[in-house]
Amino acid sequence: MYIDSFLCIFAVSIYKTNIMKDKIIQKSAELHYKYGIKNVTMDQIAQELGISKKTIYQYFINKNELVAQTVDSIFDQIQSEIDKICLMKLNPYEELFSVKKVVKGMLSKSNMSPHYQLKKYYPEIAKTLEERKFKSIMECLEHNLKKGMKSGYYKDDLDKEFIKRMYFSNTMSLMNPEIFPSELFEKQNTMDMFLNMFLEGISTKKGRKKLKELR
């Protein structure tokens, strides 16, 4: 009986801990989007949540750890949405347009470039994130290219490995404010233009006709 009571109390404690930790991460993400990763302080997060800074340090050793877990949380949410899309019975164009919509939704939350802020101020976290992005994009495109080639929408002689890596490198460049400054290139339009160019280049005549119908 005493063991059962202890386990029950322990489970409730863990549950409460996870709730508070998730709240801190969620608020951290919200403020990072709004003000930029470098500009958000632990004091600001604590004030927004109505808790003490000491409480935050009960869950995170320092800001570096909080930033790392916030970035992981955001990535996991996006990856979950992309996984759901890949399980749907969409044609390859609809699939990529749906993925683009998820990414655009994330980008619309901030006028800044979270990736390049990370790269400048938290290079180790940025490196880990880029590795996860690379793996995710490679898997997503492998699935999409196979579907497109099988359906006759994409050219059947594509070098998939080359195409996937070109896509990845170009999408990373689009997020670079030094190459595509925001005063000259609106992020959403730039992404649309790139995806259309990419799809036009790998599509067959049948595919381009289908692509035109979906635009």
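I'll start with the overall fold and then turn to the charged side chains.

A word on the ground rules. This is a predicted model, where local features need pLDDT of at least 70 and side-chain atom pairs count only at pLDDT 80 or more, while totals for chains, interfaces and linings use all residues. Residues are numbered from 1 along each chain as its sequence is written, and side-chain values use heavy atoms, with hydrogens and water left out.

Okay, the fold. How many helices and strands does the protein have? There are 10 helices and zero strands, where a helix is a DSSP run of H or I of at least four residues, a strand is a run of E of at least two, and numbering goes from the N terminus. The C-alpha atoms fill a box of roughly 70 × 50 × 30 Å along the principal axes. Of the 215 residues, 38% count as buried; that's under 20% relative accessible area, with exposed being over 50% and partly exposed in between, using a 1.4 Å probe and protein chains only. Now contacts, meaning heavy atoms within 4.5 Å. Among those with a separation of 6 or more, 69% come from residues 24 or more positions apart.

What about the surface? The protein exposes about 13400 Å², and carbon and sulfur atoms supply 58% of that. Those areas come from the Shrake-Rupley method with a 1.4 Å probe, and for residues only the protein chains shown count as cover.

On to charge. We have 36 positive and 27 negative side chains, and the centres of the two sets lie 3 Å apart. Lys and Arg are the positives, Asp and Glu the negatives, with His and the chain ends not counted. Each charge is placed at NZ of Lys, CZ of Arg, CG of Asp or CD of Glu.

Side chains of opposite charge can pair when their charged atoms come close. A salt bridge here is a side-chain nitrogen of Lys or Arg within 4 Å of a carboxyl oxygen of Asp or Glu, and the count comes to 17.

Let's visit helix H7, residues 123-151. Glu131 and Lys127 form a salt bridge at 2.9 Å, N to O, and they sit four residues apart, about one turn of the helix. Glu131 is partly exposed at 45%, and Lys127 is partly exposed too, at 48%. Also in H7, Lys135 and Glu139 are four residues apart, about one helical turn, and their salt bridge comes in at 2.8 Å. Here Lys135 is exposed at 52%, whereas Glu139 is partly exposed at 47%.

Next, helix H8, residues 160-174, where Lys164 and Glu161 are three residues apart. They meet in a salt bridge of 3.3 Å, N to O. Is Lys164 buried or exposed? Lys164 is buried, with a relative accessible area of 7%, while Glu161 is partly exposed at 36%. Both belong to a salt-bridge network that links Glu142, Lys146, Lys160, Glu161, Lys164 and Arg165.

One more lysine: Lys27, in helix H1, residues 2-35. Lys27 counts as buried at 15%. Leaving out residues up to four places away in sequence, Lys27 touches Ile45, Glu48 and Leu49.

That's the tour, so over to you for comments.
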